[in-house]
Amino acid sequence: MRILQLLNHTRRLNGHVHAAVDLACAQSKLGHQVAIASGGGDFDELLAANNVETMLVSHERRPTELLKSVATLYRSARRWRAEVVHAHMMTSAVLAWPVCKLLGIPLVTTVHNEFEKSAILMGLGTRVITVSAAVGESMQKRGIDKSRIRVVLNGTIGAARFEGKDRAPRPLQSPSIIFVGGQHPRKGLPDLFAAFDLLYKSHPAARLYVLGDGPHREEYMAQVNSLGCAQAVTFMGAQDDPFPFLLGADIFVLPSHADPAPLVLSEAREAGCAIVATNVDGIPELLEHGKAGILVPSRNPAALAQALGSLIENADTLTEWRSKSQFNLDYLTIERVARRTLDIYEEASRQIHGRA
């Protein structure tokens with residue numbers, strides 16, 4: 001099959017970009033012809049190494065630029081003989097819809113960021129992929145018919161992004177707790193800092209490592225500096241490859257208020273961390289509904305501190321939950337994601353072309 005993936009850019013440190021790049025490379029490895037049309041970025045070299053072609057299509061949202069981009073995408077898709085377009089963001093779906101109508105090919109969309117109001121535009125797809133069942137239910141409530149929604153839970157194991165990378169664990173002071181993610185309000189970092197401050201009072205040897213960047217980093221650093229645990233918290237900034245840090249950590253924590261299906265949970269499980277995360281959106285699905293990680297209520301620092309403390313206080317409990325993180329781990333492979341997505345393309349194509 002000739003598959004054209006469409007997204008706004010191919011730069012690092014953005015979850016939907018990582019998911020799309022992983023998918024494109026995996027589909028190429030399965031023998032399909034794959035291209036990515038985007039504004040470009042630093043993953044283009046990796047894509048080329050995995051026989052994924054790249055095309056430049058601007059996603060600038062000014063009306064005149066959008067019209068130019070539709071024309072560019074139409075010419076590129078027609079010349080390349082695309083059989084399906086897979087759009088990963090709202091602007092991508094808007095650009096692709098008229099192109100797919102003109103070419104008579106299916107448009108498949110993936111809802112990565114369901115919490116955004118404009119996610120309803122992903123309903124333009126012949127088929128709408130949601131990255132967790134929770135997101136699927138949410139999109140149904142927003143008016144997308146259940147018959148067009150297909151759930152493909154995120155997975156990263158075996159992704160081309162990690163091939164040939166350093167797998168030596170980074171030395172972290174134990175007992176070590178690590179967070180990896182964007183520093184945005186929906187990630188719940190203030191709750192984590194409040195929880196760690198509670199934990200630190202009874203476990204002063206504990207250390208918290210915060211990987212990632214975002215618009216609220218300075219605000220969060222100021223919050224930590226006002227707490228008694230400040231000397232035990234290290235902000236490490238954005239890392240191109242956080243996996244070695246996950247390998248070196250005892251516990252991975254994710255205190256999100258909203259999170260459709262965070263890729264980092266797949267990575268933390270592969271690294272063998274004990275995991276504590278909030279019981280919201282797609283997180284329970286990625287943790288086998290509590291079999292592969294401890295689930296706690298969102299926006300509850302006391303419950304988060306208690307769960308973290310239960311792991312730090314008892315070495316056997318920590319070992320047990322590190323082992324539990326491996327439960328049904330094979331389900332989180334990128335190959336499973338790629339094969340299921342290919343099935344959805346075939347289904348969408350049959351509908352467009354009137355085949356049973």
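Which residues of the largest nonpolar core touch the most other members? The legends below start from this question and concern a predicted model.

**Figure 1. The largest nonpolar core and its most connected members.** This core holds 90 residues, and the members that touch the most others are Leu4, Ile178, Phe196 and Phe252. Helix 6, which spans residues 189-202, supplies the largest share of the core, with seven residues.

**Figure 2. The surroundings of Ile178.** Residues up to four places away in sequence are not counted in this view. The remaining contacts of Ile178 are Leu172, Tyr209, Leu211, Phe245, Leu246, Ala249, Ile251, Phe252 and Val253. One of these, Phe252, is itself listed with Ile178 among the core members that touch the most others.

**Figure 3. The aromatic pair of Phe162 and Phe243.** The structure contains four aromatic pairs. In the pair shown here, the ring centres of Phe162 and Phe243 are 6.4 Å apart and the planes form an angle of 35°, a tilted arrangement. Phe162 belongs to the loop between strand 7 (149-151) and strand 8 (176-180), whereas Phe243 belongs to helix 8 (residues 243-248), so the pair ties together parts that are 81 residues apart in sequence. Phe162 counts as buried because its relative accessibility is 13%, under the 20% limit. Phe243 is likewise buried, with a relative accessible area of 6%.

**Figure 4. Phe243 in helix 8.** With neighbours within four places in sequence left aside, Phe243 is in contact with Arg167, Glu267, Glu270 and Ala271. Arg61 provides a reference point elsewhere in the chain: its C-alpha atom is separated from that of Phe243 by 34 Å, and the two residues are 182 residues apart along the chain.

**Figure 5. A cluster of rings formed by Phe193, Tyr220 and Phe235.** Ring pairs link these three residues. Phe193 and Phe235 form a tilted pair, with 5.8 Å from centre to centre and 55° between the planes. Phe193 lies in helix 6 and Phe235 in strand 10 (residues 233-237), so this pair ties together parts that are 42 residues apart in sequence. Both Phe193 and Phe235 are buried.

**Figure 6. Charged side chains over aromatic rings.** Lys324 lies over the face of Trp321, at 4.1 Å from the ring centre. In the second example, the charged end of Arg336 sits over the ring of Tyr331, at 4.0 Å from its centre.

**Figure 7. Strand 2 and strand 3 with the helix that connects them.** Strand 2 (residues 33-38) and strand 3 (residues 52-56) run parallel and are joined by five bridges. Ala35 has Glu53 in strand 3 as its bridge partner. Apart from neighbours within four places in sequence, Val52 is in contact with Ala24, Cys25, Ser28, Val34, Ala35, Ile36 and Leu47. The C-alpha atom of Val52 is separated by 33 Å from that of Pro284, 232 residues away along the chain.

**Figure 8. Lys187 in the loop between strand 8 and helix 6.** Is this lysine, Lys187, buried or exposed? At 9% relative accessibility, Lys187 counts as buried. When residues up to four places away in sequence are not counted, Lys187 touches Phe179, Gly182, Pro255, Ser256, His257 and Asp259.

**Figure 9. Backbone features at Pro175, Asp281 and His289.** Most residues other than glycine have a negative phi, and most peptide bonds are trans. The peptide bond from Ser174 to Pro175, however, is cis, with omega near 0°. Pro175 lies in the loop between strand 7 and strand 8. Asp281 has a positive phi, near 50°, and is placed in the loop between strand 12 (274-278) and helix 10 (283-286). With a relative accessibility of 32%, Asp281 counts as partly exposed. His289 also has a positive phi, of about 55°, and is found in the loop between helix 10 and strand 13 (294-296). His289 is exposed, with a relative accessible area of 60%.

Notes. Residues are numbered from 1 along each chain as its sequence is written. This is a predicted model: local features need pLDDT of at least 70, side-chain atom pairs count only at pLDDT 80 or more; totals for chains, interfaces and linings use all residues. Side-chain values use heavy atoms; hydrogens and water are left out. A nonpolar core is a set of buried Ala, Val, Leu, Ile, Met, Phe, Trp, Tyr and Cys residues joined through side-chain atoms within 4.5 Å. Buried means under 20% relative accessible area, exposed over 50%, partly exposed in between (1.4 Å probe, protein chains only). Helices (H or I, at least four residues) and strands (E, at least two) are DSSP runs, numbered from the N terminus. Contact means heavy atoms within 4.5 Å. Rings of Phe, Tyr and Trp (its six-membered ring) pair if their centres lie within 6.5 Å; planes under 30 degrees apart count as stacked, over 60 as edge-to-face and the rest as tilted. A charge sits over a ring if NZ of Lys or CZ of Arg is within 6 Å of the ring centre and within 35 degrees of the ring normal. Two strands pair if DSSP finds at least two bridges between them. A crossover is right-handed if, with the strands pointing away from the viewer, the path from the first strand over the helix to the second runs clockwise.
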